[in-house]
Amino acid sequence: MNPIRPAILAFAALASASAMGQPGPTMDEIRATLVPYASDADVVTLPTGQEVGFTCMGQGSPTVILIAGIGDFGGMAWGNVHPHMAKTTKVCTWDRPGWGHSDGAEGKHTVATSAATLEAALATGKIAGPYVLVGHSLGG
């Protein structure tokens, strides 16, 4: 991931809150929320060499997979919810191809290719099921 991206995201969060006339989160609050998503510790490399980004927290079953909407990645979409859900089960954000820690996909991007990438990454990364998929916007 581009090292400048977290700074850009923090700026965007502050600017967005300020534009709505509401006090925005402090820089410390933004950093604390985004820190887990800067790590590539949970990235899965498929046999094709494609990297698929996950950020996993917690333990237990089922494994909840959080999917961000268009133009978003796990930390921005789910950073406030993810750690709280992880208190009761394993929860992973998944960066769809081309976002966050995931490489872009070759060819046409469809629901079928997304599902195949996710399925392959869960198997390759040994992220155990059963799964509950939770999507926001296009991620749904």
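The protein chain contains five helices and five strands; helices (H or I, at least four residues) and strands (E, at least two) are DSSP runs, numbered from the N terminus. The model is predicted: local features need pLDDT of at least 70 and side-chain atom pairs count only at pLDDT 80 or more, while totals for chains, interfaces and linings use all residues. Residues are numbered from 1 along each chain as its sequence is written, and side-chain values use heavy atoms, with hydrogens and water left out.

Along the sequence, the elements of the protein chain follow the pattern α-α-β-β-β-α-α-β-α-β. Of the 140 residues in the protein chain, 35% are buried. Here buried means under 20% relative accessible area and exposed means over 50%, with partly exposed in between (1.4 Å probe, protein chains only). Among the contacts in the protein chain with a separation of 6 or more, 73% are between residues 24 or more positions apart, where contact means heavy atoms within 4.5 Å.

Two strands are said to pair if DSSP finds at least two bridges between them.

V44 lies in strand β1 and stands opposite V52 in β2. V44 counts as buried because its relative accessibility is 7%. Leaving aside residues up to four places away in sequence, V44 touches Q50, E51, V52, F54, A121, T124 and G125. V44 and L122 are 78 residues apart in sequence, yet their C-alpha atoms are 8.3 Å apart in space.

Strand β3 has two parallel neighbours. Five bridges join β3 to β5 in the parallel sense, and in that pairing the bridge partner of I67 is G135 in β5. With β4, β3 pairs in the parallel sense over four bridges; there, L66 has T93 of β4 as its bridge partner. T63, I65 and I67 point one way from β3, whereas V64 and L66 point the other way, and all are buried. Because five of the five residues of β3 are buried, this strand is largely enclosed by the rest of the structure.

The buried residues in α5 are S114, T117, L118, A121 and L122. They cover an arc of only 125° around the axis, which puts them on the same side of α5; the arc is that of the directions from the helix axis to the C-beta atoms. On the other side of α5, A112, E119 and A123 are exposed. The cover over the buried residues of α5 includes β1 (44–45), β2 (51–57), β3 (63–67), β4 (91–95) and β5 (131–135).

At the start of α5, a side-chain oxygen of T110 reaches to within 3.3 Å of the backbone nitrogen of A112. Just after the helix comes K126, which has a positive phi of about 55° although it is not a glycine. K126 is found in the loop between α5 and β5 and is exposed, with a relative accessible area of 74%. P130 has its place in the loop between α5 and β5, and the peptide bond from G129 to P130 is cis, with omega near 0°. A cis peptide bond also joins S61 and P62, with omega of about 5°; P62 lies in the loop between β2 and β3.

I30, L34 and Y37 are the buried residues of α2. Seen down the axis of α2, these residues fall within an arc of 25°, so they line one face of the helix. D28, A32 and V35, on the other side of α2, are exposed.

Notes: A polar contact is a pair of N or O atoms within 3.5 Å; within protein, one must be able to donate a hydrogen and the other to accept it, and residues adjacent in sequence count only if both atoms are side-chain atoms.
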